Amino acid sequence: MNDLKEVVEIARALHARNVEHARLSWVQYVTGYDFGVSQAYEKLTEVLKDKNNFETILAGREKELSSLDRRRIDIVYLAFKPYHFSPELNELDLEIERKSVQLAQILNTHRFVLDGRTVRSTELTQILRSEPDRAIRKKAFLARAQVNQPLVDGGFIDLVKLRKEYARLYGSASFVELKLEFDELKPSVFVGWHETARTLLPSYEKRRMAIGEKYLKDAPAMPWDYLYVEAQMAPELNSPVDMAKYDDVLQGFFFKLGFDISKDNITYDVFPRRNKSEWGYHFGIDTGADSRILANVENRFHEYGVLLHETGHAIHTCSLDPQETILNMGTSGIVHEGFANLMGQFLYEKEFFGQFFGSDTARTQVAFDELKPWLQIKKIREVASIFFDQGLYRTNITSLDDVNGLFLEKHRSLLKEEPYTDNPPWAFRIHHTTHPIYLHSYFMGDVFAEMLKHHYCKLNRGASVKDDFKGFGQFLLEAVLKPSGTYPFEELFQRISGEPFSLKYLAG
Ligand SMILES: [Zn+2]
């Protein structure tokens with residue numbers, strides 16, 4: 001690393017400003033107060049825009065380097081490169097950032113209304129999980145579309161246009177290709193997804209019919225029925241639990257995998273509050289030193305799924321070497337989400353739920369085992385969300401009607417879903433606003449997670465994850481978490497599995 005001493009210093013300076021920006025973002029998300037998120041962003045881009053910094057990086061690229069240093073310089077170069085095209089591009093970047101912070105504020109502080117009453121997002125979920133009246137569920141499901149218009153009025157279409165303009169000036173085919181370049185993904189990674197969706201569609205349809213007939217006496221089950229049916233399949237999901245004990249529960253569970261989170265500096269903010277964001281997040285504020293988790297729980301067992309997922313992110317971040325500032329920047333979002341989803345899936349395994357359902361453990365496992373294949377096939381819906389998100393940047397969008405039309409078109413072409421409303425809920429998913437072209441990370445992360453389980457069993461001659469819990473944790477730490485920044489995603493996938501990335505692991 002000595003060859004890159006100055007470059008490492010630059011990366012550390014950038015990291016320090018990132019930490020500041022992340023702290024302020026955290027405050028904004030948990031309190032609704034903006035103490036200067038955009039200004040902090042501007043300060044961090046100063047490091048990125050600095051000409052001397054970039055020259056040092058360019059000089060570093062010319063050196064004879066070890067393969068690890070080559071990886072380091074590639075990561076830094078990719079981060080700095082877009083800031084040295086033109087002042088116009090930099091101005092646009094700031095404008096995009098300001099707009100997206102402003103729109104995130106609209107989303108975070110928006111509250112839905114149901115029959116004249118203000119309801120929290122978690123309440124809508126609760127209705128979707130437990131309300132036997134299908135018409136009320138449908139109303140609750142569609143209520144999430146209420147934020148579409150305010151988001152568009154606030155400037156969402158302008159934000160999309162700014163991003164398109166940014167990609168044009170940068171010279172990318174579209175904003176999608178631009179984002180993928182910075183994710184170190186080839187656009188070809190999406191080739192064949194339409195066909196895979198088509199292959200998986202019949203078994204999705206079959207299950208929708210089956211669960212509709214069995215649990216609703218009316219088939220097929222519709223999107224506003226899914227959470228309700230899942231709660232019918234496994235009523236344990238809705239069981240009341242005492243969330244005041246969440247830290248003992250999480251610590252105890254992760255210890256079984258060999259992760260001692262009591263040693264990590266993880267702050268949890270888990271209960272709902274006014275003006276607090278209604279979702280679940282992990283803020284990796286300072287690698288290995290400061291992780292924070294935002295969630296909104298109301299004492300139901302299924303909410304542990306979010307806490308397991310977000311704690312997964314924290315474990316990942318805490319297991320990185322804080323000294324490796326540059327390699328840490330190179331960790332793919334897919335690996336992050338894949339590991340977090342893998343941790344979230346333990347919600348359905350007795351090693352986790354056993355501590356809640358004591359004598360009913362065997363029955364609960366049967367219920368969860370019935371649930372799992374449905375949850376797996378249901379993921380096909382994400383393909384429509386991913387292509388909708390990409391479509392925003394590949395289609396001419398000028399109004400809310402255009403966005404709605406695009407959403408319905410993607411659901412029709414990929415899922416054969418006929419429109420059930422002309423104003424479908426989409427804006428409430430904050431990703432379209434703050435993390436465009438990111439949804440594939442969850443989906444591909446799931447595929448990655450399936451591959452990891454599969455591969456671990458193969459390594460252990462058929463012994464499953466449950467046979468050696470600590471062994472699995474150790475495998476994840478060594479094979480996935482520690483080297484996660486060292487290789488771009490597709491290379492890491494191939495190194496572990498011996499094969500290129502493919503959706504085949506999704507078929508089960
Ligand atoms: Zn996540």
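## Confidence

The model is predicted. Mean pLDDT for the protein is 93. Of its residues, 99% reach 70 or more.

Helix α6, residues 121-130, has the lowest mean pLDDT among the elements, at 90. Helix α8, residues 148-154, has the highest, at 98.

## Overall build

The protein contains 24 helices and 5 strands. Its C-alpha trace spans about 70 × 55 × 45 Å along the principal axes.

How does the radius of gyration fit the chain length of 508 residues? A compact globule with 508 residues would have a value near 23 Å. The protein has 23 Å, so the two agree.

## Burial and contacts

Of the 508 residues, 36% count as buried. Now take the contacts between residues at least 6 apart in sequence. Of these, 74% join residues at least 24 apart.

## A closer look at Asp242

Is Asp242 buried or exposed? Asp242 has 9 C-beta neighbours inside 10 Å. A residue counts as exposed at 12 or fewer, so Asp242 counts as exposed.

Asp242 can also be placed relative to Phe356. The two residues are 114 apart in sequence. In space, their C-alpha atoms are 10.0 Å apart.

Notes: Residues are numbered from 1 along each chain as its sequence is written. This is a predicted model: local features need pLDDT of at least 70, side-chain atom pairs count only at pLDDT 80 or more; totals for chains, interfaces and linings use all residues. Helices (H or I, at least four residues) and strands (E, at least two) are DSSP runs, numbered from the N terminus. The radius of gyration is taken over C-alpha atoms; the globule rule is 2.2 Å times the number of residues to the power 0.38. A residue is buried if 20 or more other C-beta atoms lie within 10 Å of its own, exposed if 12 or fewer, and partly exposed in between; C-beta atoms are placed from the backbone. Two residues are in contact if their C-beta atoms, placed from the backbone, lie within 7 Å. pLDDT is the predictor's confidence in each residue, from 0 to 100.
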